[in-house]
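Me: I should like to learn how to read a structure of this kind. Could you guide me through its features, beginning with the contacts between charged side chains?

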Amino acid sequence: MNNVIGGKLKLKKPIESAIKKKKKSSSSSKSSEPAHEESHHEHDEVEDKSDTRTKYEKKWEEQVKKMDTKNAKKIAEKSHRDRVNDFNEKLSKMSEHYDIPRVAGGG
């Protein structure tokens, strides 16, 4: 028991929430109107750069949204009672849906 080291645990990397990045200040030596137009243009570029998805990824997300809305509309059309009746009908058409399949034992 003499080999125990006391004290708190020291982490190799600092906690990410404790790290604060400094923002770069824009130079205000230019005239106000062109600087305003440039800052607006830079803002558009920043939005484009922050979205690192490819056009196919964007297209895929649009397709997923369309499919989700389509599925939500389909689900909203039927009531719970209708879904239960359809499920019971499906089970009645299946042969022996309640039986447990036999598992082959090795001996």
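Me: How many salt bridges does the structure hold?

Reply: The structure holds five. One of them joins glutamate 89 to lysine 93, whose closest N and O atoms are 3.6 Å apart.

Me: How are glutamate 89 and lysine 93 placed along their helix?

Reply: The general idea comes first. An α-helix has 3.6 residues a turn, so residues three or four places apart point the same way. In helix H3 (residues 80-93), glutamate 89 and lysine 93 are four residues apart, which means that about one helical turn separates them. Glutamate 89 is partly exposed, at 44% relative accessible area, whereas lysine 93 is exposed, at 66%.

Me: Which residues are linked in a network of salt bridges?

Reply: The network links Asp51, Arg53, Lys58 and Glu61. Within this group, the side chains of aspartate 51 and lysine 58 meet at 3.4 Å, N to O. Aspartate 51 is partly exposed, with a relative accessible area of 26%, and lysine 58 is partly exposed at 33%.

Me: Let us turn to the chain as a whole. How many helices and strands does the chain have?

Reply: The chain has three helices and zero strands. Read from the N terminus, the order of elements is α-α-α.

Me: How does one check the length of a helix, taking H2 as the case?

Reply: One compares the expected span with the distance between the end C-alpha atoms. Helix H2 (residues 55-77) has 23 residues, and at 1.5 Å a residue it should span 33 Å. The end C-alpha atoms of H2 are 33 Å apart, so the two values agree.

Me: How many residues of H2 are buried, and what share of the chain is buried?

Reply: The count for H2 is zero, so this helix is hardly covered, as buried means under 20% relative accessible area. Across the 107 residues of the chain, 1% are buried. The accessible surface of the chain is about 11,900 Å², and carbon and sulfur atoms account for 54% of it.

Me: Where in the chain is confidence lowest, and where is it highest?

Reply: Where pLDDT is low, the predicted coordinates should not be read in detail. Here confidence is lowest in helix H1 (residues 32-50), with a mean of 58, and highest in H2, at 94. The average pLDDT of the chain is 75, and 56% of the residues score at least 70.

Notes:
Residues are numbered from 1 along each chain as its sequence is written. This is a predicted model: local features need pLDDT of at least 70, side-chain atom pairs count only at pLDDT 80 or more; totals for chains, interfaces and linings use all residues. Side-chain values use heavy atoms; hydrogens and water are left out. Helices (H or I, at least four residues) and strands (E, at least two) are DSSP runs, numbered from the N terminus. Buried means under 20% relative accessible area, exposed over 50%, partly exposed in between (1.4 Å probe, protein chains only). Accessible areas come from the Shrake-Rupley method with a 1.4 Å probe; for residues, only the protein chains shown count as cover. The expected span of a helix is 1.5 Å times one less than its number of residues. pLDDT is the predictor's confidence in each residue, from 0 to 100. A salt bridge is a side-chain nitrogen of Lys or Arg within 4 Å of a carboxyl oxygen of Asp or Glu.
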